Amino acid sequence: MLWGLLGLGVIIVAVMLAYAIYLLLKLKKQKLAFRKARELRAERLKESILIIAKAMQSGDCNFSEGVIRIKMLLQPLGLDFTRYPAMQNLYEVVMDMPTHEARKALKRNERMRLDLIREKAEGDYQDNIHQELPLLIKEVDAYAIN
């Protein structure tokens, strides 16, 4: 009887050990999948930032739209947008301006007033933004995904 209880105890411990090993392997697999998903997301963010920055350089994307998009894409990577003062200053000018449907709902003269403010700011910061874009591209290109 003692040997029977001892045998039952060994079987219970062995089953619990096997289950613990199964859970540890499953956790390792989940961590690996999470890390891979994080790396893929960071790669997509980097690629998007580089496309927008290069489009801004070539004039295919206006500066206002570019700085709004780039600021939002830099945040998840943990990169500091304030390192680019001209882009940061332009962002502060345009960040509260209505877009899409809210812009369409504005009166024509209000839209024109906001366009003039935006275009003046873009002109004021244009040269400095052109100087900052290669630095941004270099920083994002060198960003190591960990």
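This is a short tour of the model, one selection at a time.

You're looking at a predicted model, so local features need pLDDT of at least 70 and side-chain atom pairs count only at pLDDT 80 or more, while totals for chains, interfaces and linings use all residues. Residues are numbered from 1 along each chain as its sequence is written, and side-chain values use heavy atoms, with hydrogens and water left out.

**Stop 1: helix H1**

Select residues 2-58, which make up helix H1. Helices here are DSSP runs (H or I, at least four residues), numbered from the N terminus.

Now colour the buried residues of H1, where buried means under 20% relative accessible area with a 1.4 Å probe, protein chains only. They are Ala42, Leu45, Lys46, Ile49, Leu50, Ile52, Ala53, Ala55 and Met56. Show helix H2 (63-77) and helix H5 (108-142) too, as those buried residues pack against both. Then step on to Gly59, which follows H1 and has a positive phi, near 90°.

**Stop 2: Ser64**

Go to Ser64, in helix H2. Ser64 counts as buried, at 3% relative accessibility. Which residues does Ser64 touch, leaving aside neighbours within four places in sequence? Leu90, Val94, Arg118 and Glu122 are in contact with Ser64 (heavy atoms within 4.5 Å). Zoom in on Glu122: its side chain makes a polar contact with the side chain of Ser64, at 2.5 Å. A polar contact here is a pair of N or O atoms within 3.5 Å, one able to donate a hydrogen and the other to accept it.

**Stop 3: the largest pocket**

Next, the largest pocket, with a volume of about 380 Å³. To find its centre, select Glu65, Ile68, Pro98, Thr99 and Arg118, the closest to it of the 14 lining residues. A pocket is an open set of points on a 1 Å grid where a 1.4 Å probe fits, with protein on both sides within 12 Å along at least five of seven lines; lining residues have an atom within 4 Å of a point. H2 gives the largest share of the lining, four residues. The lining divides into five nonpolar, four polar and five charged residues.

**Stop 4: His100**

Finish at His100, in helix H4. His100 has a positive phi of about 50° although it is not a glycine. Most residues other than glycine have a negative phi. His100 is exposed, with a relative accessible area of 64% (exposed means over 50%).

Definitions and conventions
Helix = DSSP H or I, 4+ residues; strand = E, 2+ residues; numbered from the N terminus. Expected span 1.5 Å × (residues − 1). Points joined across faces, edges and corners; volume = space filled by probe spheres on them. Nonpolar A, V, L, I, M, F, W, Y, C, P; charged D, E, K, R; others polar.
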